Structure formats: structure tokens, C-alpha cells
Amino acid sequence: MAGSARMKNWQIAKLDQLGFHWGLDDDWLTWWELLKGFKEEKGHFPSHQPKYHGGKLGKWVYTQRRLYRRLQNGERELGSVKMSDWRIAKLNELGFDGARLK
């Protein structure tokens with residue numbers, strides 16, 4: 001075979017660094033939009049409490065924070081969930097404090 005249709009890991013990493021949007025973040029972006037609306041309305045980020053979208057938005061925020069902390073240790077994944085540079089940039093737009101775990 002004279003080549004491969006699969007991208008190499010370094011190629012994917014380079015595109016991530018450039019802010020390439022893979023188009024695979026539709027569900028993630030839906031949660032981001034909910035978070036944005038929540039922050040605009042309440043002035044803070046949600047906790048795990050069930051009163052916020054049945055607790056799911058707070059759990060999603062908690063997962064993003066865990067991913068952010070793992071990223072600080074050189075890891076980009078938490079199970080099957082990944083944290084891309086694009087996602088970090090989107091969270092930063094909201095003033096998200098990924099270092100805080102609660």
C-alpha cells in the first residue's frame with residue numbers, strides 16, 4: 001500500500017493546536033450553550049445540585065473541570081471523553097475556572 005487514509009497522531013495534534021474544529025462536538029456544544037445561558041442568568045457556574053437540569057449540567061461542569069486538571073498533568077482523556085484546545089478556548093470564553101473542582 002502506498003499510503004494510508006488514517007491521520008497520524010502528530011497530524012491530529014497539530015490540527016488541534018491550530019484550533020481545528022472537527023465537527024464532532026455537537027453534544028458538547030449543546031452543554032456549553034446551556035452553561036453559557038446559566039452563567040448569564042445566575043452569574044456563576046452550577047454545582048451538582050439536581051435543581052439545575054436535573055443535576056446533569058453540574059455533573060457536566062464537574063467532568064470538564066476534571067478533564068482540565070488531567071490536562072495540567074499531561075493527560076487529555078477521562079475514559080472516552082477528551083479535552084481539546086478548542087473546548088478549552090470555548091470554556092475560557094465564559095471565564096470558566098477549570099482549576100476549581102467544586
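User: Which helix gives the most residues to the lining of the largest cavity?

Analyst: Helix 4 (residues 85-93) does, with three residues; helices here are DSSP runs of H or I, at least four residues, numbered from the N terminus. This is a predicted model, in which local features need pLDDT of at least 70 and side-chain atom pairs count only at pLDDT 80 or more, while totals for chains, interfaces and linings use all residues. Residues are numbered from 1 along each chain, and side-chain values use heavy atoms, without hydrogens and water.

User: What makes Y68, M83, I88, L91, N92 and F96 lining residues of the largest cavity?

Analyst: A cavity is a set of points on a 1 Å grid over the protein atoms alone where a 1.4 Å probe fits but cannot get out, and a lining residue has an atom within 4 Å of a point. Y68, M83, I88, L91, N92 and F96 meet that condition for the largest cavity.

User: Why is Q64 called buried?

Analyst: Buried means under 20% relative accessible area (1.4 Å probe, protein chains only). Q64 has 1% relative accessibility, so Q64 counts as buried. Q64 is found in helix 3 (residues 56-72).

User: Which residues does Q64 touch, not counting residues up to four places away in sequence?

Analyst: Q64 touches W28, M83, L91 and F96, where contact means heavy atoms within 4.5 Å.

User: Where does the largest share of the lining of the second largest pocket come from?

Analyst: Helix 3 supplies five residues, the largest share. A pocket is an open set with protein on both sides within 12 Å along at least five of seven lines. Q64 is one of the residues that line the second largest pocket.

Methods: Helices (H or I, at least four residues) and strands (E, at least two) are DSSP runs, numbered from the N terminus. Buried means under 20% relative accessible area, exposed over 50%, partly exposed in between (1.4 Å probe, protein chains only).
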